[in-house]
Amino acid sequence: GLEAIKIRRKRLSFRYSSHDKQKRKYRRSYEVSTNSSTEPLPPRDNLEDQANLNGQYDYTKTGRKVLVYATLPNVVQEFVTVTQDQDDIHSLLLVHSHFIDSLELLKLFINTYKNTDDQNTHWRTITILRKWLELSSVSFFDDKEGDLGYHFLEFRQYLESVGHHSSLDILDSAIQTYIIDNPIPDVLENCEYASDIILKKKKGTDFLSYDPIEISRQITLIDFEIFAEIDLRELLNTSWINGDAPTILASGNFHNKLSYFWAENILRIENMKVRAKYLGHTIKIAHELLQINSFNISMTIYLALNFGNIVRLTQTWKLLKSKTVSMWKSISFTLNPRNNFMAYRERESQVPHEPMIPCQEVFLKDILYYSECEGILVDGFIDMKKLNKLGYIINNIWKTQKRKYSFLPYFELQQYLKENVSQEWTMEHLDDLSHHIETSKDLKLVQMNRGHTRKFEDHIIPRFFRKTKSKGSLPSKANTE
């Protein structure tokens, strides 16, 4: 046994040392090939001395050479002469307006195509332009981008005049597919989410008469329509902070109203037992929303049930069944913002190829972080790592917008939800309802929460559900301010 262990350790150490030697071999061969003169290469951390090179490169763990810093013309040259990863191409096309106008980038690609006779370069350039049409076809022929569509059609005429019919066919096919037809993705067939409508249990339009599963499906269909309309260009340059992002602001306004709807729907019920049913019904809806990856709507319920005017309903929370309480604890664990939404990010990473609506608060937070840190363009050089990080987030949103849910629409239920969500409520109104249905000796609790929600960083589980706390105690001041 000991001899076998020693032999295995020797093999592993030899394997790792061989891998390191291979990486050093790749780096030495690259340095020799990129430096034609006998002079040593300039320091890798000095960007100004890199202007006479094609760019600054680095190596991945697998030994693949990747571009790290380069000027914009060199980035374009690299993309049309060397085969690139699809995600890197998406990042450049989606994030380029963060540091350069779209028309200037299009001219660089067109001029590169015209100034060479290499067929591989032609093919890569046409492929990138085709992918550009697929990612943002609207931007080519709207008022924001100006002459972008004009120069694109002018380039098409050039291809026709020089007889590059294969390139012309690829562009014509892209124009026909993404601009003229502009098809809406078909409903997925044989999808695990495709199922019959669950009709309501009794007549009328009472909230409890609709099944939680069906409510989660229909509100997800409504939300996906809003999410699919988000213009990806509004995600750049923090446009939503300046108020210049109508689709993002419309989505945020809808979710704000929805949070107030969930809370008001519970607080308007004066009978405590019925109110507990409404609360349990809402928790079941949030649980079903997580099962179908509708994270945006489930977050609205999580926030609504953490309003101070909902948390203080101690008598109502005590009437919940143990199974419902377990659901709420699971929801709170998944959507809790602790450690930068670590639990939510792990949950989201498990559904890469299924229909999903990501939480808007989380991806806007990530985009804001990469947008406000040191810029992508520094001293004329593009930081490809930062560009790819920001592009990765936006690219995932674009992919998610293409994966539609296949639920059958239940128009009666959708109409009921839309009518109720469209109403306007204020936090003062919700506080008054809460104090009316469950009076409390601690009036400071209501005044403290007036106009505010519960602290977002706390792990939201009511105190009377925790084993270490007494059953009748109210949430502490630290957890409710």
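These legends describe close-up views of a predicted model.

**View 1. Confidence along the predicted chain.** The model is predicted, and its protein chain has a mean pLDDT of 77. Of its residues, 71% reach 70 or more. Two stretches call for caution in reading. Over residues 21–53, pLDDT stays under 50. The model has 34 contacts beyond four places in sequence for residues 21–53. Residues 442–481 also stay under 50 in pLDDT. For residues 442–481 the model has 92 contacts beyond four places in sequence.

**View 2. An open sheet of four strands.** The strand order is β1-β2-β4-β3. Pairing is antiparallel. Strands β1 (56–59) and β3 (377–378) stand at the edges. Each has a single partner strand, so one side of each is left without a neighbour in the sheet.

**View 3. Strand β2 and its two pairings.** Strand β2 covers residues 65–70. Four bridges join β1 and β2 in the antiparallel sense. Asp58 has Val66 of β2 as its bridge partner. β2 also pairs with β4, again in the antiparallel sense, over two bridges. Here Ala70 has Ile382 of β4 as its bridge partner.

View 4. Strand β1 pairs with β2 over four bridges. Helix α2 (residues 72–81) packs on this sheet and touches β1, β2 and β4 (381–383). The direction of α2 makes about 160 degrees with that of β2. Helix α17 (residues 384–401) packs on the sheet too, touching β1, β2 and β4. The direction of α17 makes about 45 degrees with that of β4.

**View 5. Helix α4 against helix α6.** Helix α4 spans residues 102–114 and helix α6 spans residues 148–162. They pack at an angle of about 10 degrees. Their axes are 10 Å apart. The two helices are therefore roughly parallel to each other. From α4, the contact uses Ser102, Leu103, Leu106, Lys107, Ile110, Tyr113 and Lys114. From α6, it uses Leu148, His151, Phe152, Phe155, Tyr158 and Leu159. By class, this contact of α4 with α6 has nine nonpolar, two polar and two charged residues.

**View 6. Helix α9 against helix α10.** Helix α9 (residues 246–267) and helix α10 (residues 272–291) pack at about 155 degrees. Their axes lie 8 Å apart. An angle over 145 degrees counts as roughly antiparallel, and α9 and α10 are therefore roughly antiparallel to each other. Trp262, Asn265 and Ile266 are the α9 residues in the contact. They meet Arg275, Tyr278, Leu279, Thr282 and Ile285 in α10. By class, the contact of α9 with α10 has five nonpolar, two polar and one charged residues.

View 7. Side chains of opposite charge can pair when their charged atoms come close. With a cut-off of 4 Å between side-chain nitrogen and carboxyl oxygen, the count comes to nine salt bridges. One of them joins the side chains of Asp87 and Lys399, at 3.6 Å from N to O. Asp87 lies in helix α3 (residues 86–95) and Lys399 in helix α17, so the pair ties together parts that are 312 residues apart in sequence.

How values were computed
Residues numbered from 1 in each chain as written. Predicted model: local features only at pLDDT ≥ 70, side-chain atom pairs only at ≥ 80, totals over all residues. Heavy atoms only, no water. Axes fitted to C-alpha atoms, helices over the stretch in contact; angles between N-to-C directions. Parallel < 35°, antiparallel > 145°, perpendicular 65-115°, else oblique. Contact = heavy atoms within 4.5 Å. Nonpolar A, V, L, I, M, F, W, Y, C, P; charged D, E, K, R; others polar. Pairing = 2+ DSSP bridges. pLDDT = per-residue confidence, 0-100.
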